[in-house]
Amino acid sequence: MLAIVAEGLRKTYGTKKALDGLNMTVPSGTVHAVLGPNGAGKTTFVRTLATLLRVEEGRARVAGIDVAERPAEVRRRIGLLGQSAAVDEDLSGRQNLELFGRLYHLGARRAAARAAELLERFGLSDTGRKPVQAYSGGMRRRLDLAASLIIEPQILFLDEPTTGLDPRGRTEVWNAVRSLVGGGTTVLLTTQYLEEADQLADRISVIDHGRVIADGTADELKGKVGGDRIDVVVHEAGLLPAAAAVLAAVPGAGAVELDEDRRSISAPVADRMDALNHLVRALHEAGIEAEDLAVRRPTLDEVFMQLTGEHR
Amino acid sequence: MSPRWWLADSWTMTRRELARWARHPWGAVISLAFPVMMLVMFAFFIGGGMQVAGGGDYKEFLVPGMLVLTMAFGLEGTMTAIAQDLGKGVIDRFRSMPMAPSAVLVGRGVADMLESIVSLAIMIGAGLAIGWRWHGSPASAFAAIGLLLLLRFAMLWCGIWLGLIVGRPDLVMAVQILVWPVAFSSSAFASPETMPGWLGTVADWNPMTATATAVRDLFGNPGVAGTSWAAEHAHLLAVLWPLVLLAIAFPMAAARFRGLSR
């Protein structure tokens, strides 16, 4: 059963192609991440699926229903978390959720019960009459998420759910999203962070200029883009060639990149722990002291470098 | 969408605004007190030096002008609220829900008209307190209030239209500043005859002047003795102007709202 099917979606704003023949299928009950830089068409795609934008060319079906032909029926089955927290700042969390519940035609009593249930579930029960204005970024986002879950949607759209949040807020939202999975909800989320896609999604589609340029599971994608990377910073630029030779000799290491300004070298590695282990020993034996040493996920820029051969 | 749900959704959206007032009573008090403060300032600080063209008490001239100004300035509140909801994505959320989309605008309209009725009642009370009176029949007084609310209704749709165009709360300020010269180039505070040539003509044809003159006439207040065509047909213009504004702003606002999906 497919929750989302997009076939050849096109949308232009003036001369800019926001969507350029975008195809995607998402099976029910999975989490699918759409990864791409600013302006890649992520938001346009989500807004099209959520019936906020008219389909210009191509077809989109959500929960098996054509979004252009029967938008009202699609709306009964989806939840949307937009880029900014779409809640009323002057009202309390409970008032917001009750308002949305009534607009979903739950009736006053069920709307109140559902609001209480969601506040409890997202750890907001003790916010009382406090207006949303006084919430932290993470709390606001959790309330926003709760508001998009009032009808237990079959499909939930999350448009850059953690952009602008501090690390703590990000963890809060990640935990909230994880708690949804298993309930059978299909989640489509957009993000600029490979780490976020890796953490949350079953499958990832990388999009650029309004079309999918790569997709697969996080592991498949990491295979394509070289997986984790190791960075080494040395005391002086003169040590870089020697350090680069050491890093290149580490089993499973890919092409080493040098950055003289930052006195650093960087390379993709196959097995992060194994590579780190080798590297530390080899640097020690070569008498090179590392000022800094880090294992990290590739940045979006590096992913694009690998996939398209060009910097964004 | 059945009419029943359309009504229910519109009422829910209206209640959202009422809940806001309940949460921020001081905000509501300040916005209601602002025109009262203006009235007092103009009546007592400036009014002593003002002469009404054709004779009469300045306070009697001023109060209908202030009532018109209060209605016209309602545009700002409507525009700000719409721009805020749009800018923060609240309108997007409503549009992604299985509710009647038009309820977003209808709820805003009902709430703003209710606020204007309250504001009008307070201003009439303040006018009575500083010595203004109506001298005509109760029917004329109601007709005057009807004209005032008609102007507010036209301003409501202008505000919705502008709010949808502006779309960002930070741009609202620019429009707010422009409201002032438009308001002052009317007969709200002084008769257009006392203004320099072309400005007097602009003020003569200002929709606010038409409503102010008609309302003064219906209340039996002074300052309706203008001799221009516009001044002599103030009643007609006080009905026509808001209808013309509505005929432009309503379809434009509706098109803009539908165009959000473009």
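In this predicted model, strand β1 (residues 2-13) of chain A pairs with strand β4 (residues 57-62) of chain A in the antiparallel sense, and five bridges join the two. One of the residue pairs involved is A:Glu7, whose bridge partner in β4(A) is A:Arg59. Strands of a sheet pair through backbone hydrogen bonds, in either a parallel or an antiparallel manner. The pair belongs to an open sheet of four strands in chain A, ordered β2-β1-β4-β5, in which the pairing is antiparallel. At the edges of this sheet lie β2 (16-27) and β5 (65-66) of chain A, each of which pairs on one side only.

| Domain of chain A | Residues |
|---|---|
| domain 1 | 2-223 |
| domain 2 | 228-296 |

Taken over C-alpha atoms, the centres of domain 1 of chain A and domain 2 of chain A are separated by 39 Å.

Where the chains meet, 20 residues of chain B are in contact with 24 residues of chain A. On the side of chain B that touches chain A, the elements giving two or more residues are α1 (3-23) and α4 (90-95) of chain B, and α1(B) supplies the largest share, with seven residues. By class, this side of chain B holds nine charged, six nonpolar and five polar residues.

Elsewhere in chain B, helix α6 (residues 138-166) has 29 residues and reaches 41 Å from its first C-alpha to its last, which is close to the 42 Å expected at 1.5 Å a residue. After α6(B) comes B:Gly167, which has a positive phi near 70 degrees.

How values were computed:
Residues numbered from 1 in each chain as written. Chains lettered and ligands numbered in written order. Predicted model: local features only at pLDDT ≥ 70, side-chain atom pairs only at ≥ 80, totals over all residues. Expected span 1.5 Å × (residues − 1). Domains from an automatic or database assignment. Contact = placed C-beta atoms within 7 Å. Nonpolar A, V, L, I, M, F, W, Y, C, P; charged D, E, K, R; others polar. Pairing = 2+ DSSP bridges.
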